[in-house]
Structure formats: structure tokens, C-alpha cells
Amino acid sequence: MESHGAEIELGSSVQFSCDDGYELQGSKSITCMRMSDLFAAWSDHRPFCRARVCGAHLNGPTGVISSPNFPVQYDSDAHCVWLITASDPDKVIKLTFDAFELERGYDTLTVGDGGQPGEQKTVLHVLTGTDVPDLIVSVSNQMWLQFQTDETNSLLGFKAVFSGTVYSNEELRKKRPFKV
């Protein structure tokens with residue numbers, strides 16, 4: 001979410017908007033109002049951005065993926081699949097996590113290489129818990145993510161940024177989780 005504005009004085013308004021894939025929850029604009037001689041307050045609660053989709057086919061050089069409702073708790077019994085394809089077939093997908101909080105052992109985010117979500121032989125990582133994962137790099141120009149939750153406790157979920165990038169063969173060998 002971005003806010004636009006410089007100085008905040010009585011009567012000043014702040015505008016809010018969200019990145020693609022997110023929707024604004026609350027007012028697009030709030031104003032600083034005088035409540036008494038000594039007290040000022042905003043005209044409404046501060047809005048927040050919530051993820052719009054549970055799974056998608058994503059193309060392009062960069063983008064953001066987050067669990068449903070992020071940064072609010074994700075839904076129980078969720079099953080979401082994202083397929084990321086780099087716009088250039090010579091690029092690999094680089095996935096960097098900004099936030100990660102799943103119920104350990106019960107809710108998982110599985111990350112795999114290629115265009116067949118759920119295929120066990122292409123799984124790169126099965127992630128759970130609250131430690132923010134390290135950088136994950138695909139071997140091909142496609143990566144899939146599968147988010148699975150159980151019927152009980154929900155936490156805040158995850159937010160990750162993906163980008164298509166070119167690595168040399170030496171750089172790829174260092175990042176691969178398996179031998180080729």
C-alpha cells in the first residue's frame with residue numbers, strides 16, 4: 001500500500017491505493033480533523049490492502065504472490081495453486097519472501113519447478129512454520145506454488161515477490177537443491 005502526501009496538517013488528506021492483485025479495505029482517503037483545541041484525529045480508520053485471489057497463472061518479469069486475505073489471517077481449508085511463467089524462456093524464476101507465518105506442520109506452501117503443479121518429482125521445498133524462507137530459484141522458466149491449510153488455526157500467511165532473471169550455469173549450480 002502506498003500513501004501519497006507530504007506534510008500532515010489539520011484538514012490535510014491522505015490518499016491510499018494498493019498494488020495489483022490487492023484490493024483496498026476501507027476509505028481511499030482520510031482527513032486530519034480537529035476534535036478539540038488540543039486533539040486531532042483521522043476521519044476514518046487507516047485502510048489496508050488485502051490479497052484478491054487464491055491462485056492464478058502469472059506471467060511477466062515480476063509480481064507479488066500472497067496468501068488469501070494477507071495481511072489478515074488466511075482461510076481454513078484453503079487450497080490455492082499459482083503457476084508463474086517467466087516471459088523469457090531463457091530466464092529462471094527467483095522467489096523472495098517478505099513475510100511468512102503458517103501453522104507449523106498443518107499448513108504448507110509447496111514450491112516446485114516447471115509447469116505441473118503438485119508433481120512430486122518437481123518439488124523444490126515444502127515450507128511451514130514462521131521462519132521466513134531463503135531465496136528460492138527455479139531451474140526452468142516456470143515455478144508453481146501450492147498453498148494448503150487445514151480446518152483449524154490460521155495465521156497471517158505469506159507474501160513473496162517473484163522475478164524472472166538470467167543466471168549463469170555456475171550460479172544455477174550453486175542454487176539448485178538437487179543434482180542434475
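Colleague: Is cysteine 32 buried or exposed in this model?

Modeller: The model is a predicted one. Burial is read from relative accessible area, and a value under 20% counts as buried. Cysteine 32 has 13% relative accessibility, so this residue is classed as buried.

Colleague: How many disulfides are counted here?

Modeller: The general idea comes before the count. A disulfide is a covalent bond between the sulfur atoms of two cysteines. The assignment requires those sulfur atoms to lie within 2.5 Å. By that rule, the structure has 1 disulfide. Its partners are cysteine 54 and cysteine 80, with an S to S distance of 1.7 Å.

Colleague: Where in the chain do cysteine 54 and cysteine 80 lie?

Modeller: Cysteine 54 belongs to the loop between β6 (48–51) and β7 (56–59), whereas cysteine 80 is in strand β9 (residues 79–85). The two are 26 residues apart, and the pair links distant parts of the chain.

Colleague: Which handedness does the link of cysteine 54 and cysteine 80 have?

Modeller: Handedness is read about the S-S bond; here the angle is -95 degrees, and the link is left-handed. As for accessibility, cysteine 80 is buried at 0% relative accessible area, while cysteine 54 is partly exposed at 39%.

Colleague: Which residues make the nonpolar surface patch?

Modeller: Met33, Met35, Leu38 and Phe39 make this patch, which covers about 490 Å². A patch member must have over 30% relative accessible area. Methionine 33, in strand β4 (residues 29–34), has a relative accessible area of 37% and therefore counts as partly exposed.

Definitions and conventions
Residues are numbered from 1 along each chain as its sequence is written. This is a predicted model: local features need pLDDT of at least 70, side-chain atom pairs count only at pLDDT 80 or more; totals for chains, interfaces and linings use all residues. Side-chain values use heavy atoms; hydrogens and water are left out. Helices (H or I, at least four residues) and strands (E, at least two) are DSSP runs, numbered from the N terminus. Buried means under 20% relative accessible area, exposed over 50%, partly exposed in between (1.4 Å probe, protein chains only). Patches are made of residues with over 30% relative accessible area and no salt bridge: like charges are joined within 9 Å, nonpolar side chains (Val, Leu, Ile, Met, Phe, Trp, Tyr) within 5 Å. Accessible areas come from the Shrake-Rupley method with a 1.4 Å probe; for residues, only the protein chains shown count as cover. A salt bridge is a side-chain nitrogen of Lys or Arg within 4 Å of a carboxyl oxygen of Asp or Glu.
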